[in-house]
Amino acid sequence: MAEQTAGTGQDVRGPAHPPGGGRPLTALLTAAMALSMLQLFLLGAFGPRLTVELGVTPVVLGLTTTLGFGTAAVLSPLSGRLVDRVGPRRALIALALVTAVALALIASAPGAGLLLGAVALGGLPQALANPATNKAVIAAVPAARRGAVTGWKQSGVQLGAFAAGLPLAALAAVLGWRGAVWAASAAAVGVAVWAARLLPPDAVRPSAARVTLVPRGHVAWLAAFSVFLGAGIASVNTYLSLFGDRRLDLGPTAAAALVAVLGAAGVAGRVGWSKAARPGRAEWLPAVLAAGAVGAALLLVASGRVSWLVWVAAVAFGVFAVAANAVSMVLVVQRAAPGRAGRAGQDSALVAAGFFAGFAVGPPLFGLLARCDRYGTGWLLVAAEFAVAAAVASVWAVRDRRTAGAPA
């Protein structure tokens, strides 16, 4: 039975890999990751419009993120087993089609009720994204290239942010925000067709191992790190545009462009740091990047007095905070141990569950402060969340190095 050793530079699958293992596969996986969280970025970028047209308060805006990612956190362990069982092709097609439906519901929502329901449905593709794409990388990409491909496909999330903040925001200025969301829904259908045409049929698999709900070892540490990282990232994604519009008087279009800048910087950060995440060095990168994210949050605090710093903060946030999540997924792929390749989906899902749990918790806490117009205090809370993430990652890196250096 074909297996592979990720992170060792050895590929025991054999000389050939399934078709689609080059640039087309990388592009497809990047698009899938972009779709999986596009609704989050659209709600953030269109936040000023939603608060006016649908009467959505800042607290309810935060609750949309909580509902979506709370659903994703609950479903993630189950989705990992599902991907291990049905294969990445079926999972990626389902991801794109469910995303299309969720975006269509958002576009047609008359008020907060249907909006919240659509966001909850969008939790399913979020839960599928990391296990499905990581499984595809392990199945189709030689070990030496997995870090780079993982970085590119993880950058898809930030391409989604860029799309929400620039082209879709520009489209919203012409067609209205509903028209822009309908266009995104149509694009999701196109990705489903692309996946069906590009990927080979999934092999028939025996029943996968039972669902693991409690992460262990490096997975547990990465999941804990991801909780605090996710809480800070989600708060910035959800409220950066609103902050720019209401506190810095940028206007809805320029405020949405902040999300685009964040997304573009995130693409560069995820690709660059993922390529640098080689075994022996990768273990230290989450702590370093989370520490850099603390600085980005403090720049947001300072932008309340010096408004142009908000653009610097958006770039720094993308380069450090957003890239840290990609590096954690590189570590999961690298440590898909021999004989456990079939568990890659579940390991990815457990780390993602921690990230989504943070996404569910962070925005409501920030929303309470935003309702009182205390954005500075909110950014300090984000800085504290990143600081805890850095501490968790530092402790794990030290323990991991000691374990690696211990005699067998």
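## Cavities and a helix pair

The structure is a predicted model. It holds five cavities of 30 Å³ or more. Two of them are described here.

Start with the largest cavity. H7 provides the largest share, three residues. By class, the lining splits into six nonpolar, five polar and one charged residue.

Now the second largest cavity. About 50 Å³ of space lies in it. Leu35, Ser36, Leu38, Gln39 and Thr99 are among its lining residues. Ala102, Leu103, Gly122 and Pro125 belong to that lining too. H1, H2 (38-45) and H5 (88-108) each supply at least two residues. The largest share, three residues, comes from H5. Five lining residues are nonpolar, four are polar and none is charged.

Next, the helix pair. How do the axes of H6 and H7 cross? The axes of H6 (residues 112-121) and H7 (residues 123-140) come within 4 Å, with a crossing angle of roughly 20°. Angles under 35 degrees count as roughly parallel, so H6 is roughly parallel to H7. Val119, Ala120 and Leu121 make the contact from H6, and Gly123, Leu124 and Pro125 make it from H7. This contact has five nonpolar residues, one polar residue and no charged residues.

Note on methods
Residues are numbered from 1 along each chain as its sequence is written. This is a predicted model: local features need pLDDT of at least 70, side-chain atom pairs count only at pLDDT 80 or more; totals for chains, interfaces and linings use all residues. Side-chain values use heavy atoms; hydrogens and water are left out. Axes are lines fitted to C-alpha atoms, for helices over the stretch in contact, and angles run from 0 to 180 degrees between N-to-C directions. Angles under 35 degrees count as roughly parallel, over 145 as roughly antiparallel, 65 to 115 as roughly perpendicular and the rest as oblique. Contact means heavy atoms within 4.5 Å. Ala, Val, Leu, Ile, Met, Phe, Trp, Tyr, Cys and Pro count as nonpolar, Asp, Glu, Lys and Arg as charged, and the others, Gly among them, as polar. On a 1 Å grid over the protein atoms alone, a cavity is a set of points where a 1.4 Å probe fits but cannot get out, and a pocket is an open set with protein on both sides within 12 Å along at least five of seven lines; lining residues have an atom within 4 Å of a point. Grid points are joined across faces, edges and corners, and a volume is the space filled by probe spheres set on the points.
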